[in-house]
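Me: Got a model here that I'd like to talk through. Can you take the pockets, then the packing?

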Amino acid sequence: MPPPDYPPEVRERLTADAKEIVARYPDSRSALLPLLHLVQSEEGHVTRTGQRFCAEMLGLTTAEVNAVATFYTMYRRKPSGDYQVGVCTNTLCAVLGGDAIFERLQDHLGVGNSETTEDGKITLEHIECNAACDYAPVVMVNWEFFDDQTPDSATALVDQLRAGDSVEPTRGAPLCTFKETARILAGFPDTREGAVEASGGAGHASLAGLRLAKGEAQPAGERVVAPRDAEEGE
């Protein structure tokens, strides 16, 4: 059976947003990824209705849209929580405690991988890499970084999220809900006061590596790995 359409008022609003997105690209099908984020911002996951909408806006088949929506893990295929909590379990994070964090959160929340708590607040998942190895072990919430985590700190973090407390990422913009994050990823501005400025630049660990690469002196007490002599690698 074909999926149902959006209610008229929702479709009208999404159509206006979709046209704005499509206008950014010389080839309309290039707008598919942000359009999938747009429909995800409406319902919290990419529904069959959302896929139909994307297909109609871009002149694609629903099969073509589904092939993309099911390829990228950022697009959810079932209802998700307000906060996507991703624990890196790739090599460096794992050996520094990522596996222990993930196991603790599963027990504490009573959910498995890619499952959502009964209150609809938290969806827990393991992530292969958060691209932040110099801050391992790392947890991400709606793609914002929480660095140098432990099982205890991660447990306290999800408890605060479920309680509705204000939580500040280690670096990056203030948290917003998953639906709000999806709309930002669709290419619409984050209108929260100070949110863009809060994104900042690279953190301490990354800058230490940059200074080392440039041959600059490291601050006293800062531990870094000494550069290999070129002859040692031969």
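Me: What classes of residue line the second largest pocket?
Reply: Nine nonpolar, three polar and three charged residues. Ala, Val, Leu, Ile, Met, Phe, Trp, Tyr, Cys and Pro count as nonpolar, Asp, Glu, Lys and Arg as charged, and the others, Gly among them, as polar. This is a predicted model: local features need pLDDT of at least 70, side-chain atom pairs count only at pLDDT 80 or more, and totals for chains, interfaces and linings use all residues. Residues are numbered from 1 along each chain as its sequence is written, and side-chain values use heavy atoms, with hydrogens and water left out.

Me: Which lining residues lie nearest the centre of that second largest pocket?
Reply: Glu144, Ala173, Thr181, Ile184 and Asp190, out of 15 lining residues. Helix α7 (residues 178-185) supplies the largest share of this lining, three residues. Helices (H or I, at least four residues) and strands (E, at least two) are DSSP runs, numbered from the N terminus.

Me: How is a pocket defined?
Reply: On a 1 Å grid over the protein atoms alone, a pocket is an open set of points where a 1.4 Å probe fits, with protein on both sides within 12 Å along at least five of seven lines; lining residues have an atom within 4 Å of a point.

Me: And the largest pocket: how much space lies in it?
Reply: About 370 Å³. The volume is the space filled by probe spheres set on the points, with grid points joined across faces, edges and corners. Its lining has 20 residues, with Thr73, Tyr75, Arg76, Ser114 and Glu125 nearest the centre. Strand β3 (residues 122-127) gives the most, four residues.

Me: Switching to packing. Which residues touch the most other members in the largest nonpolar core?
Reply: Leu35, Leu36 and Leu38, in a core of 23 residues. Helices α1 (8-22), α2 (32-43), α3 (48-58) and α4 (62-69) each supply at least two residues of this core. A nonpolar core is a set of buried Ala, Val, Leu, Ile, Met, Phe, Trp, Tyr and Cys residues joined through side-chain atoms within 4.5 Å.

Me: Cys88, buried or exposed?
Reply: Cys88 counts as buried because its relative accessibility is 3%. Buried means under 20% relative accessible area, exposed over 50%, partly exposed in between (1.4 Å probe, protein chains only).

Me: Where does Cys88 lie, and what is Cys88 in contact with?
Reply: Cys88 lies in strand β1 (residues 83-88). Leaving aside neighbours within four places in sequence, its contacts (heavy atoms within 4.5 Å) include Cys93, Ile127 and Val138.
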